[in-house]
Amino acid sequence: MILKKKNPILRTRLPTLPPAARSRVALGLTAAAALGRFELQQCSDCGAVQYPPREACGSCLSTQLLWKQQSGRGELLAATVLHHSNDLFFRERLPWRLGLIKLESGPTVVAHLHGAVPAAPAPVRVAARLDRAGQAVLVALPDKETTDMADDRQLREFTCDPKLRKLLVTDGKTAVGQALVKALAAAGAHLIWVGYAEPWKKFAGFEELKALPQVTLVPLDVTDSKNVRELAAEIGGKVDILVNNAECHRTFGIGNRQGVETARAEMDVNYFGLLRLAQEFGPAMRSRGADGLASAVAWVNLLSIYALANFPPHGTFSASKAAAQSLAQCLRAEMRPAGVRVVNVYPGPIDDEWNQLLLPPKVAPAALAAAIVKALREGVEDVYPGDVAQEWLERWRDNPKALERELSS
Ligand SMILES: [Zn+2]
């Protein structure tokens, strides 16, 4: 796949979005898709699986409906190609392929059809994806993975695949930053700007990063407003995906530290750093949400599972991540109208220098990087990489108090 360069004389299109109106009950589909899951309502009384989502079971009228994960396996009954649409978003993207699929679990659904799905009848796998308006839609993928599956023009409208895109990784000095850059380069990123604070100091891994053909190292200190502004002026209009992994992590609670200097340093990177980046890079990315296949598509924030519940031995760090999470939700709301997805990443303890005293299991930087690349490829909004984060997420969803108590004991 080759992306044509945009003609610089052509006006950038105003972002258009697919239709976003959904019933309240249909938001269950979106909530699951945000986590990369395909869930449909299943009746607790008669067992029927139904689509579209409704308030009551279509076969027995029971209101005991639970959202259950689906395999998505089904058969394509019929396919069609749209050459006309009254909707502005789809009109700009015609022709558009749609299919009618009978799911093994029962319902028949209409889904966006991947280019590699053969003519009907054919086995397919239906998945839920978030569209540019942040709402769940159904896509039918070929039964067997193909090597260039992610390149499909229609599928790329729903994902944030780093392949052929230009990215900024805000901190290349950390183990996580370096793992991220390598994973993104391996995923086919066209260009990766890698930020590093204090450029007068060489850091471990510098030469290795510099040797990657996609990488351009740029001085970036997210605590320096002027520096952030200058970098945004230089490259802000070209960044398709911004990955903010800059983080300051110290291991203090309240009682074992005097003064606020450490906590302030954490806030300055983890919270104000995000705010500075969002103010300077946000507007340019918003204006490029509709540049065809080379649009700005995603903004990734490295948060922490401690944003959900405080981990007292790292108490001030947890507080700064909770603040960053709240700001990231604001950023998400502001970026959504432009079709730019904000991806929040909530790892458990990372296997890095600040968690040396914690017992395993810890998330290895390479595993964290792989989870972020996967989330971009699948267009997921919230990511909880690793078993620890997954387990804590379950506990938090089940009962937030349970997680608070577990982390504090
Ligand atoms: Zn029923």
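Buried means under 20% relative accessible area, exposed over 50% and partly exposed in between, computed with a 1.4 Å probe on protein chains only. The structure shown is a predicted model, in which local features need pLDDT of at least 70 and side-chain atom pairs count only at pLDDT 80 or more, while totals for chains, interfaces and linings use all residues. Residues are numbered from 1 along each chain as its sequence is written, and side-chain values use heavy atoms, with hydrogens and water left out.

View 1. R341 lies in strand β14 (residues 341–345); helices (H or I, at least four residues) and strands (E, at least two) are DSSP runs, numbered from the N terminus. R341 counts as buried because its relative accessibility is 6%. Leaving aside neighbours within four places in sequence, the residues in contact with R341 (heavy atoms within 4.5 Å) include L130, D131, R132, F158 and C160. Also among them are V297, A298, W299, G379, V380 and E381. A183 is 158 residues from R341 in sequence and 20 Å from R341 in space, C-alpha to C-alpha.

**View 2. The open sheet of β1, β2 and β3.** Three strands form this sheet in the order β2-β1-β3, with antiparallel pairing. Two strands pair if DSSP finds at least two bridges between them. β2 (49–50) and β3 (65–69) stand at the edges with a single partner strand each, so one side of each has no neighbour in the sheet. Strand β1 (residues 39–43) is joined to β3 by five bridges. Q41 has W67 as its bridge partner in β3. Strands of a sheet pair through backbone hydrogen bonds, either parallel or antiparallel.

**View 3. Packing of helices α11 and α12.** Helix α11 (residues 386–398) packs against helix α12 (residues 400–407) at an angle of about 130°, and their axes are 5 Å apart. Axes are lines fitted to C-alpha atoms, for helices over the stretch in contact, and angles run from 0 to 180 degrees between N-to-C directions. Angles under 35 degrees count as roughly parallel, over 145 as roughly antiparallel, 65 to 115 as roughly perpendicular and the rest as oblique; α11 and α12 are therefore oblique to each other. From α11, W392, R395, W396 and D398 meet P400, A402, L403, E406 and L407 of α12. The residues of this contact divide into six nonpolar, no polar and three charged. Here Ala, Val, Leu, Ile, Met, Phe, Trp, Tyr, Cys and Pro count as nonpolar, Asp, Glu, Lys and Arg as charged, and the others, Gly among them, as polar.

**View 4. The salt bridge of E391 and R395.** The structure holds 23 salt bridges, each a side-chain nitrogen of Lys or Arg within 4 Å of a carboxyl oxygen of Asp or Glu. In the pair of E391 and R395, the closest N and O atoms are 2.5 Å apart. The two residues are separated by about one helical turn, because they are four residues apart in helix α11. E391 is partly exposed, with a relative accessible area of 41%, and R395 also counts as partly exposed, at 28% relative accessibility.

**View 5. The salt bridge of E104 and R73.** The closest N and O atoms of E104 and R73 are 3.5 Å apart. The pair links distant parts of the chain, 31 residues apart: E104 is in the loop between β5 (96–103) and β6 (108–113), and R73 is in strand β4 (residues 73–82). E104 counts as exposed, at 59% relative accessibility, whereas R73 is partly exposed, with a relative accessible area of 45%.
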